[in-house]
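Please read the following remarks with the model open beside them.

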Amino acid sequence: MSDSVIDREPEAVLTADEAASLAARYGASAKAWDVGGRRWALKKPSRAQWQAYKCDQQSADPTTKADANVALARAVVVPFDPAGTVEKEREAFDAMGDEHPALLDLLG
């Protein structure tokens, strides 16, 4: 098996301080992932975000249905860096999708 990012579990191994910072900002269920040479943080979706995801999964539009997981990941991506912004994270998420679209599925 090759050592590509797709062959490995992308969940990040965090230091105790990193884990505490992430949990303090986004809750204990927040997770960090190493994908595309970058660390990503995703928080638990709100009820409205989860309902939108469930609707997207049932869409008659095949593109909407296929992108449901990616749309949810984009909606819940948050800054890993305490100084970051959600806007910048979403810009980086979109840029990664433009460069390496399959990597978005790892976060979705």
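The points below take up the sheet, the helices and the aromatic pairs in turn.

1. On the basis of the note: this is a predicted model, in which local features need pLDDT of at least 70 and side-chain atom pairs count only at pLDDT 80 or more, while totals for chains, interfaces and linings use all residues. Residues are numbered from 1 along each chain as its sequence is written, and side-chain values use heavy atoms, with hydrogens and water left out.

2. On the sheet: an open sheet of 3 strands has the order S1-S2-S3 with antiparallel pairing, where strands are DSSP runs of E with at least two residues and helices are runs of H or I with at least four, numbered from the N terminus. Two strands count as paired if DSSP finds at least two bridges between them. The edge strands are S1 and S3, each of which pairs on one side only.

3. On the pairing of S1 with S2: strand S1 (residues 31–35) and strand S2 (residues 38–42) are joined in the antiparallel sense over 5 bridges, and Lys 31 has Leu 42 of S2 as its bridge partner. The hairpin of these strands has 2 residues between them, and in it Gly 36 takes a positive phi near 65°.

4. On the pairing of S2 with S3: strand S3 (residues 77–78) runs antiparallel to S2 and is joined to it by 2 bridges. In S3, Val 77 is the bridge partner of Leu 42, and Val 78 is that of Ala 41.

5. On the two helices: the axes of helix H4 (residues 68–76) and helix H5 (residues 86–99) come within 9 Å and cross at roughly 150°, which makes H4 roughly antiparallel to H5. Axes here are lines fitted to C-alpha atoms, for helices over the stretch in contact, with angles from 0 to 180 degrees between N-to-C directions; angles under 35 degrees count as roughly parallel, over 145 as roughly antiparallel, 65 to 115 as roughly perpendicular and the rest as oblique. The contact (heavy atoms within 4.5 Å) is made by Val 70, Ala 73, Arg 74 and Ala 75 of H4 and by Arg 90, Phe 93 and Asp 94 of H5.

6. On H5 and the sheet: which strands does H5 lie across? Helix H5 lies across S1, S2 and S3, running at about 120° to S2. Glu 89 is found in this helix and, at 8% relative accessibility, counts as buried, where buried means under 20% relative accessible area, exposed over 50% and partly exposed in between, with a 1.4 Å probe and protein chains only. Leaving aside neighbours within four places in sequence, Glu 89 is in contact with Arg 38, Trp 40, Val 77, Val 78 and Pro 79.

7. On the aromatic pairs: the structure holds 2 of them, and rings of Phe, Tyr and Trp (its six-membered ring) pair if their centres lie within 6.5 Å, with planes under 30 degrees apart counted as stacked, over 60 as edge-to-face and the rest as tilted. Trp 40 and Phe 93 form an edge-to-face pair, 6.0 Å centre to centre with 90° between the planes. Trp 40 lies in strand S2 and Phe 93 in helix H5, so the pair ties together parts that are 53 residues apart in sequence. Trp 40 is buried at 0% relative accessibility, and Phe 93 is buried with a relative accessible area of 2%.

8. Trp 50 is partly exposed, with a relative accessible area of 41%, whereas Tyr 53 is buried at 11%.
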